[in-house]
Every structure is written in C-alpha cells, then in structure tokens.
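Hi,

Here's the structure I promised to pass on. Have a look at it first, and then read my notes below.

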Amino acid sequence: APLLRQARVVVLYSTWAYDNALTRADDDLRDTTKMARGLQEGYEEYARALQAAGVETIAIAPVGAAFELVRAGDEARWRSLFARDGYHPSPAGTYLAARVIHQTVATALRDKSGAEMPWDGNDGPEDLADAARRACEAHPSRPASSMGML
C-alpha cells in the first residue's frame, strides 16, 4: 500500500466482454451485455478500494466501454476487434485499446501536471479513434477526492 499511496496516477485497464458467440464461456460469462456491465462495476469497485487505501488519483482506461460503443454501432465491426478465439483482441482491438489507454494516461497527466502527451500520427481507423475518444469522455478520470461513485 505505501507504493500505491506514492503513485502519481494509478491506471486500471478496464477490459472488454468476450465475443460469446465464439467462446465456450461459463454461464456467468455467456451474456456479453451482462459481462460488460459486471466488468465495469468491478473496475469501479477496485477504484474505490484504491481510494480507501489512500491513492490520490485513479484513472480507469475504459477499453471495455469503447468495445461496447463499437458493438452498439456495428456488431460486425465489434467482432472484428477479436482474434479468432473470441477472447483476445485482433490488431484492430489492440489499436482501440492503445488509443483508450493513451487518452486516459494523457488526460490524467495533463490534469495532474499540465503535461501534454499527444498521439503521434493518424495511422489507424477513424471509427476506432472516435470510439476511444467517446469512451474516455463518457468515463472521465477523477482525483479520489472527487470520485464519488464513479
């Protein structure tokens, strides 16, 4: 716990619900929407536990929320975010995760110290960059003192 209290920012990598049309998931993981909601609630609980341990700034990188935004807009595009096993990300899913993590860290650093950390290049699919931006805007990072119920 002392190391966590000294950290400037703790970033939690909130993952995605599986493509359960492809997986052989257990009953509690079969419903993709339910799994996505459970993951989000779990990461919020982790953030509250870190807050209780004295961590000042906690950022949740809402990768799972970005995957869900893609799914809500285009289920076939969402499926393209997965490798053939339905669990792991494809190159497109990895790109989406990287954009979300970058934006989360960049925002936390900017808010904490004023430092800028721009994304270098416009080398990826615009729809995924947009999903990353929208997920981060919908789930902003907050200092623990203002986190409330996330």
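A quick word on terms before the tour: helices (H or I, at least four residues) and strands (E, at least two) are DSSP runs, numbered from the N terminus. On that basis the chain has six helices and three strands, and from the N terminus on they come in the order α-β-α-β-α-α-α-α-β.

Two housekeeping notes. This is a predicted model, in which local features need pLDDT of at least 70 and side-chain atom pairs count only at pLDDT 80 or more, while totals for chains, interfaces and linings use all residues. Residues are numbered from 1 along each chain as its sequence is written, and side-chain values use heavy atoms, with hydrogens and water left out.

Now the overall picture. Of the 150 residues in the chain, 37% are buried (under 20% relative accessible area, with exposed being over 50% and partly exposed in between; 1.4 Å probe, protein chains only). Contact here means heavy atoms within 4.5 Å. Among contacts between residues at least 6 apart in sequence, 72% join residues at least 24 apart.

Eight of its 11 residues are buried, so helix 3 is largely enclosed by the rest of the structure. The buried ones are Val 63, Gly 64, Ala 65, Ala 66, Phe 67, Glu 68, Val 70 and Arg 71. They pack against strand 1 (10–14), helix 2, strand 2 (57–62), helix 4, helix 5 and helix 6.

Next, how the helices pack. Two packed helices are described by the angle between their axes and the distance between the axes. Axes are lines fitted to C-alpha atoms, for helices over the stretch in contact, and angles run from 0 to 180 degrees between N-to-C directions. Helix 3 and helix 5 pack at about 125 degrees, with their axes 9 Å apart. They are therefore oblique to each other (under 35 degrees is roughly parallel, over 145 roughly antiparallel, 65 to 115 roughly perpendicular, and the rest oblique). In this contact, Val 63, Ala 66, Phe 67 and Val 70 of helix 3 meet Gly 93, Leu 96, Ala 97, Val 100 and Ile 101 of helix 5. Those residues divide into eight nonpolar, one polar and no charged (Ala, Val, Leu, Ile, Met, Phe, Trp, Tyr, Cys and Pro count as nonpolar, Asp, Glu, Lys and Arg as charged, and the others, Gly among them, as polar).

Helix 5 (residues 91–113) also packs with helix 6 (residues 126–138): their axes come within 9 Å and cross at roughly 40 degrees. That makes helix 5 oblique to helix 6. The residues of this contact are nine nonpolar, two polar and two charged.

Finally, the aromatics. The structure holds seven aromatic pairs (rings of Phe, Tyr and Trp, the last by its six-membered ring, with centres within 6.5 Å; planes under 30 degrees apart are stacked, over 60 edge-to-face and the rest tilted). Tyr 43 and Tyr 46 make an edge-to-face pair, 5.7 Å centre to centre with 80 degrees between the planes. Both lie in helix 2 (residues 32–52), three residues apart, about one turn of the helix. The rings of Phe 67 and Phe 82 have centres 5.6 Å apart and planes at 75 degrees, so this pair is edge-to-face. Phe 67 and Phe 82 are both buried. Which residues form one aromatic cluster? Tyr 13, Trp 16, Phe 67, Trp 78 and Phe 82 do.

Cheers
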